[in-house]
Amino acid sequence: MEKTYEYVTPLLWTYIDHRSNQIDAARNRRHSIDAQDRPALEEDIAELTLRLDEAYGFSLVHIEKMDKLGMESSEARKTLTGLLGDRANELSGRIDLALERIDRLGARLSDTPDNTDLSVLIVAAHKSMGTNTASMAVTLGLMDRLELPTEDYRAQLAEATRDISTVLLDRGAAASLISSATGRLMTWLSEKGPGLLVKLLLFLGILFVFRLLSRLASKGAERALDSSRLDISTLLRRMIITAATNVVMALGLLIALSQLGISLGPLLAGLGVIGFIIGFALQDTLSNFAAGMMILIYHPYDVGDMVDAGTVFGKVNKMSLVSTTILTIDNQTIVVPNSKIWGDVIKNVTAQALRRVDMKFGISYTDDIPKAEQVLMGILQKHDKVLDDPEPAVKLHELGDSSVDFVVRPWVAADDYWDVY
């Protein structure tokens, strides 16, 4: 039995060497075949690599059985340790090369997206990457059983496969991964940091300057509206001032983003697509917005006016492009969508400077009609808020079933309507 084990050991090393040579020969064929044949070649390499990994695993099992039988296995263990160390180093380099190849092919494909050969080569490169990472995982498992150090290799494997779970339980591997990431970050900062800092300062500086310009634009728009004779609503006034501020800030933001190297064309196109989607989802809100724009343009009422709009009567307390807030006579706050207002009759009872108060009073058929008319006119003439021009009217209106009715119609300032009434 012992002689059999002793005889098998060198055969294992020969087999491993043979498989390694087969894999190397297959890899050397990569540059002499067409791109369309590369995926099939990578499948062959993956199959050969699987057989090689099985041979390494069988070698370790063979050594462990020799130990159980009390046979001398130190030389065989030393040989396998060297082979696995060389294997891990080789796979580490191949994983780095595979990552570089994938990045390089991806960059070329982005320049020539219609190149089918590049697409095939990228698929083959990912297959090669998967073969090497799978073999590395097997190799590291065997090295762990031999109590060999694997921290750096596990950190590389976790980074290549984007699977951090492989290092969470291994403090050394986690520390190596953190150290590697920190080193690359420091290298990146030393190379790109100064330029990035200058761009960031320039970005903030441009935003600060345009912030000041937006305030000047706001004040300029406000002064221009104050000096103009345009009869515009409070909402339109606020909208013009806000638009002047936002336009300047939007221009400043676009200029600042361009200084960071951000392409504005795709950004604006993306915003357009997002705007279309949002507009489709918010059709009712856009309907209110459109009605608000019509109210803004035609100015049927303003803040502070008494209106009967959207079946609600009261004083306009607040306006926006989406809704109008009305404070009713009994002090209720009602928010009415603008589409409800613009699609219905709007009555603005304070739009005119003067209003006529229409009242009706009845007297008995036995009363003195001229005297009643004189008394009513006298009340109007003595009231301090009743206007002389236009002249108030007191007229016999109709002969009712049980009374003689007068209409009394004084003219007043719009703000005095309810007091006089």
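In the predicted model, the axes of helix α2 (residues 38–68) and helix α4 (residues 116–145) come within 9 Å and cross at roughly 5°. Axes are lines fitted to C-alpha atoms, for helices over the stretch in contact, and angles run from 0 to 180 degrees between N-to-C directions. Helices (H or I, at least four residues) and strands (E, at least two) are DSSP runs, numbered from the N terminus. The two helices α2 and α4 are therefore roughly parallel. Angles under 35 degrees count as roughly parallel, over 145 as roughly antiparallel, 65 to 115 as roughly perpendicular and the rest as oblique.

On the α2 side, the contact (heavy atoms within 4.5 Å) involves residues including Arg38, Glu42, Glu43, Asp53, Tyr56 and Leu60. On the α4 side, Leu121, Ala124, Lys127 and Leu142 are among the residues that take part. The residues of the α2 contact with α4 comprise 10 nonpolar, 6 polar and 7 charged. Here Ala, Val, Leu, Ile, Met, Phe, Trp, Tyr, Cys and Pro count as nonpolar, Asp, Glu, Lys and Arg as charged, and the others, Gly among them, as polar.

Residues are numbered from 1 along each chain as its sequence is written. Because the model is predicted, local features need pLDDT of at least 70 and side-chain atom pairs count only at pLDDT 80 or more, while totals for chains, interfaces and linings use all residues; side-chain values use heavy atoms, with hydrogens and water left out.

The protein has 13 helices and 10 strands. Of its 421 residues, 34% count as buried. Buried means under 20% relative accessible area, exposed over 50%, and partly exposed in between (1.4 Å probe, protein chains only). Among contacts with a separation of 6 or more, 61% come from residues 24 or more positions apart.

Salt bridges were counted next. A salt bridge is a side-chain nitrogen of Lys or Arg within 4 Å of a carboxyl oxygen of Asp or Glu. The count comes to 17 salt bridges. One of them pairs Arg27 with Glu90, with the closest N and O atoms 3.3 Å apart. This pair links distant parts of the chain: Arg27 sits in helix α1 (residues 2–28) and Glu90 in helix α3 (residues 74–111), 63 residues apart. Arg27 is buried, at 7% relative accessibility. Glu90 is partly exposed, at 29%.

Another salt bridge joins Lys127 and Glu43, at 3.8 Å from N to O. Lys127 belongs to helix α4 and Glu43 to helix α2, and the pair links parts of the chain 84 residues apart. Lys127 is partly exposed, with a relative accessible area of 31%. Glu43 is partly exposed as well, at 44%. Elsewhere, salt bridges with shared partners join Asp24, Arg27, Asp53, Arg87, Glu90 and Arg94 into one network.

Arg38 is found in helix α2. Its salt bridge is with Glu42, and the closest N and O atoms are 4.0 Å apart. Arg38 and Glu42 lie 4 residues apart in α2, and are therefore separated by about one helical turn. Both Arg38 and Glu42 are buried. For Arg38 the relative accessible area is 10%. Not counting residues up to four places away in sequence, Arg38 touches Arg30, Ile33, Leu121 and Ala124.

In soluble globular proteins, nonpolar side chains tend to be buried together. A nonpolar core is a set of buried Ala, Val, Leu, Ile, Met, Phe, Trp, Tyr and Cys residues joined through side-chain atoms within 4.5 Å. The largest such core has 37 residues, and Tyr56, Leu80, Leu84, Met136 and Met143 have the most contacts inside it. Helices α1, α2, α3, α4 and α5 (151–161) each give two or more residues to this core. Leaving aside neighbours within four places in sequence, Leu80 is in contact with Trp13, Tyr56, Ser59, Leu60, Ile63 and Leu146. A second, separate core of 14 residues includes Leu376, Val386, Val404 and Phe406.

Ala76 lies in helix α3 and is buried, with a relative accessible area of 9%. Beyond four places in sequence, Ala76 touches Thr9, Trp13 and Ile63. The C-alpha atoms of Ala76 and Trp13 are separated by 9.5 Å, although the residues stand 63 apart along the chain. Ala372 lies in helix α12 (residues 369–382) and is buried, at 15% relative accessibility. Ala372 touches Ile363 and Phe406, again not counting residues up to four places away.
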